[in-house]
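Subject: Structure handover

Hello,

Here is the structure we spoke about. Please open it first, then read the notes below.

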Amino acid sequence: MVYFLQVLYAVWARELKRSLRESGQLMGAFSRPLLWVLIFGVGLSPFFRTGLRETSFLVPFTYVQFIFPAVAVLNIMYPAVQAAVSLIYDREFGFFREIFASPAARPAVFLGKLLGGASLALLQGMLVLLLAPFVDVPMPWGVFWTCLLPMLLIALAFTALGLIIASRMRSFEGFGVFANTLILPLYFLASSIFPLDPSLTIEQQQQIFPPWLVFLVRINPLTYAIDTLRGVSIGFQQFDPTAGWLVLSLGTALLVGWAYYEFNRR
Amino acid sequence: MKPHKNPYRASLWTFLIGLALLLLARQLPPDLSLALVQQAGALRVCHPPSLPPLVESGGEGLEVELARQIAEALGVEAQLNLQVGWGQGQDPVDWGLRPESCDLLVGGILAGPETRALLTPLPYRRSHWGLWGQGPKVGLLAPFWGADRLALVEWLEARGYEIVYLESPAEAQGALRRGDITGLLSLDALKPVLPALPWQPVAELGEAQLSVGVWKGRTTLKRAVADALRQSARMPTPAAPAKAKEPAPGR
């Protein structure tokens with residue numbers, strides 16, 4: 001057991017050290033919240049202003065408050081998926097051949113990689129929370145710690161997703177293109193930057209938005225993940241909170257299980 | 001021999017610069033709402049025609065006075081803007097209030113889900129629901145924006161009282177004097193203008209938070225008004241005996 005933990009720690013620390021040496025990744029971690037919250041959020045806020053008769057429905061938040069949890073999720077998704085690129089690197093340059101020839105248990109190596117990527121992603125997500133005073137979201141310690149749970153689950157889920165993609169990819173370029181192709185549609189179809197009116201039925205929502213859009217948003221598991229974080233951070237959820245936690249927990253468990261299967265298979 | 005280069009140096013610099021930028025961004029004003037009020041030199045205060053003792057005709061009342069204190073704290077004049085449609089009908093959307101004509105709203109606003117849909121209510125005083133007199137004919141006086149009238153009616157019905165709906169303290173006084181009602185359910189904030197009958201709080205209905213309102217999204221103005229309320233709470237006046245507590249968005 002001690003050896004298992006030693007291997008896990010070694011792989012986890014290696015992931016962290018390697019990422020921390022790359023200043024480019026850190027630039028993204030800071031530039032994303034600055035761009036999305038300061039420019040996108042503030043720029044679009046006047047069009048979302050919820051005064052009287054200015055919107056078709058009323059919601060208890062401003063636009064920048066609405067997208068704030070989604071920006072935290074975006075800052076988790078990118079590093080989480082990118083962390084898995086090291087799997088291709090390790091496979092190409094022989095690190096895995098060496099480690100798998102050693103008595104190191106595969107589950108320990110897998111968990112080390114998973115937790116390494118998730119830790120980095122969680123830390124980058126936490127950076128966004130620093131902007132809470134700017135967007136006027138009160139963030140007492142109780143709310144801060146509660147936010148970390150859905151953020152951790154999202155970090156684990158997307159690191160696992162990255163590992164699944166990396167397990168099936170042969171080149172770095174292919175990984176980058178595929179990851180972006182996956183991340184951006186998932187993100188934009190997660191009610192991250194526009195709300196579905198929670199007081200409306202699905203039929204009524206389909207009169208405001210095209211039915212295909214409502215359908216895609218509703219079947220996207222990330223919708224429920226962002227919604228759960230929105231619930232704990234700004235106190236507003238569009239969907240049933242139980243469904244949010246259920247989708248988030250089950251989705252994470254499923255992706256981690258699938259990632260372990262792929263990791264073990266190669 | 002080449003000197004050893006710290007592999008984390010570039011990342012450390014990136015981290016420090018990024019962190020400084022984030023902390024700097026926190027200090028930026030997210031909107032111009034306060035600047036516009038200061039530029040105009042006036043805080044436009046929208047209020048209903050009358051809700052004594054909070055708002056009285058002729059630009060008086062506890063909340064109007066509080067609005068003046070807020071304006072003074074912002075370094076501008078309070079410009080009262082009477083809203084004749086305020087309270088005319090159940091849906092506030094029909095009252096004719098316009099964001100462009102009001103910076104601050106006062107006049108019996110209670111913090112709650114209904115008011116938070118449109119405003120950022122900034123509570124300045126706690127008030128309790130209570131019963132003057134007793135049944136069987138009880139007047140319901142709840143001319144407050146954000147009051148949960150359904151809960152009040154359910155409470156009265158559960159006790160088998162006959163409900164008489166009242167719109168103003170003056171109407172309540174008249175009804176009590178004539179014997180049209182034997183009791184009255186309202187907030188204790190209206191005590192100064194209601195007859196001196198025995199009063200008992202209704203714990204089941206909880207407390208309400210009387211608030212002033214700022215349109216949602218006007219963050220810099222909201223912060224300045226909240227600061228002014230905190231200052232006001234430090235110097236107790238009839239209008240500001242309780243500490244102002246800032247609500248979380250949507251919470």
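Start with helix α8 of chain A, where A:F175, A:A179, A:I183 and A:Y187 are buried. Buried means under 20% relative accessible area, exposed means over 50%, and partly exposed lies in between (1.4 Å probe, protein chains only). In general, an α-helix has 3.6 residues a turn, so residues three or four places apart point the same way. The face of α8(A) turned away from the buried side carries exposed residues: A:E173, A:V177 and A:T181.

Some background. This is a predicted model: local features need pLDDT of at least 70, side-chain atom pairs count only at pLDDT 80 or more, and totals for chains, interfaces and linings use all residues. Residues are numbered from 1 along each chain as its sequence is written, chains are lettered from A and ligands numbered from 1 in the order in which they are written, and side-chain values use heavy atoms, with hydrogens and water left out. Helices (H or I, at least four residues) and strands (E, at least two) are DSSP runs, numbered from the N terminus.

How far apart are the end C-alpha atoms of α8(A)? They are 24 Å apart, which agrees with the 24 Å that its 17 residues should span at 1.5 Å a residue. The expected span is 1.5 Å times one less than the number of residues.

A:F188 also belongs to helix α8 of chain A. A:F188 counts as partly exposed, because its relative accessibility is 34%. Leaving out residues up to four places away in sequence, A:F188 touches A:W36, A:I193 and A:F194; contact means heavy atoms within 4.5 Å. A:F188 and A:V217 are 29 residues apart in sequence, and their C-alpha atoms are 8.7 Å apart.

Next, the backbone. Most residues other than glycine have a negative phi, and most peptide bonds are trans. A:S191 has a positive phi, near 50°. A:S191 lies in the loop between α8 (172–188) and α9 (202–208) of chain A, and is buried at 0% relative accessible area. A:D136 also has a positive phi, near 65°. Its place is the loop between α6 (106–129) and α7 (141–168) of chain A, and at 14% relative accessibility A:D136 counts as buried. In chain B, a cis peptide bond joins B:P52 and B:P53, with omega about 5°. B:P53 is in the loop between β1 (42–47) and α3 (62–74) of chain B.

Last, the pockets. A pocket is an open set of points on a 1 Å grid over the protein atoms alone, where a 1.4 Å probe fits, with protein on both sides within 12 Å along at least five of seven lines; lining residues have an atom within 4 Å of a point. The largest pocket has a volume of about 690 Å³. Its lining has 27 residues, with B:G87, B:A142, B:P143, B:R149 and B:E167 closest to its centre. The second largest pocket has a volume of about 410 Å³. Of its 22 lining residues, A:F158, A:L161, A:L186, A:P221 and A:L255 lie nearest the centre. Volume here is the space filled by probe spheres set on the points, which are joined across faces, edges and corners.

Best wishes
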